[in-house]
Amino acid sequence: MFRHLIKYFPSVVTSAVFGVIILAALTRILPAQEYGLFALSTAAMMMLQAMFTQWFSLAIVRFYAASDDTQEQNNIIASIAVLFAIEILVVLAISVIVALTAFESNANRAIILLSFVYYAA
């Protein structure tokens, strides 16, 4: 168990550190109104992510753990990876549609797309 913790610890810490750095940079760069728009769009994308991907972890736990065949386990992981890529593309399409139709200013459009990049990373 401790080996697994050590293996995943760097990725968790790196993600948290970059999140804090991005937060600090965006609060300095963006005015309050635009940062609020960024926060709302990021929250909306996270809600979409929860709706589309919450079941990924359940599927992995259920089917991967139940399988003893290495080939079947590889197929499960490949299927989940493809579905995750499709989910990223769907959220990107929604982001682009919202950015192009809901906002008149290019700055607000850029903020929506920036929030997608933040979400996807």
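Figure 1. The protein chain has four helices and zero strands, where helices (H or I, at least four residues) and strands (E, at least two) are DSSP runs numbered from the N terminus. Reading from the N terminus, the order is α-α-α-α. Keep in mind that this is a predicted model, where local features need pLDDT of at least 70, side-chain atom pairs count only at pLDDT 80 or more, and totals for chains, interfaces and linings use all residues. Residue numbers start from 1 along each chain as its sequence is written, and side-chain values use heavy atoms, with hydrogens and water left out.

Figure 2. Along the principal axes, the C-alpha atoms fill a box of roughly 55 × 35 × 15 Å. The protein chain has a radius of gyration of 18 Å, while a compact globule of 121 residues would come in near 14 Å. That radius is taken over C-alpha atoms, and the globule rule is 2.2 Å times the number of residues to the power 0.38. Now for contacts, meaning heavy atoms within 4.5 Å: among those between residues at least 6 apart in sequence, 66% join residues at least 24 apart.

Figure 3. Buried residues make up 22% of the 121 residues; buried means under 20% relative accessible area, exposed over 50%, and partly exposed in between (1.4 Å probe, protein chains only). As for charge, there are 5 positive and 6 negative side chains, with the centres of the two sets 10 Å apart. Here Lys and Arg count as positive and Asp and Glu as negative, while His and the chain ends are not counted. Each charge is placed at NZ of Lys, CZ of Arg, CG of Asp or CD of Glu.

**Figure 4. Inside the largest nonpolar core.** Twelve residues make up this core: Leu26, Leu30, Leu37, Phe38, Met45, Leu48, Ile88, Val91, Ala99, Ile111, Ile112 and Phe116. Two or more of them come from each of α2 (32-66), α3 (70-102) and α4 (106-120). Helix α2 gives the largest share, four residues. A nonpolar core is a set of buried Ala, Val, Leu, Ile, Met, Phe, Trp, Tyr and Cys residues joined through side-chain atoms within 4.5 Å. In soluble globular proteins, nonpolar side chains tend to be buried together.

**Figure 5. Arg3, out in the open.** You'll find Arg3 in helix α1 (residues 2-29). Arg3 counts as exposed because its relative accessibility is 72%. From Arg3 to Ile94 is 91 residues in sequence and 39 Å in space, C-alpha to C-alpha.

**Figure 6. Gln73 and Ser79, two stops on one helix.** Gln73 lies in helix α3, and Ser79 lies in helix α3 too. With 16% relative accessibility, Gln73 counts as buried. Setting aside neighbours within four places in sequence, Gln73 is in contact with Tyr64 and Ser67. Ser79 has a relative accessible area of 41%, so Ser79 is partly exposed.

**Figure 7. Ser57, partly in view.** Ser57 sits in helix α2. Its relative accessible area is 43%, so Ser57 is partly exposed. Ser57 and Ile29 are 28 residues apart in sequence, and their C-alpha atoms are 36 Å apart in space.
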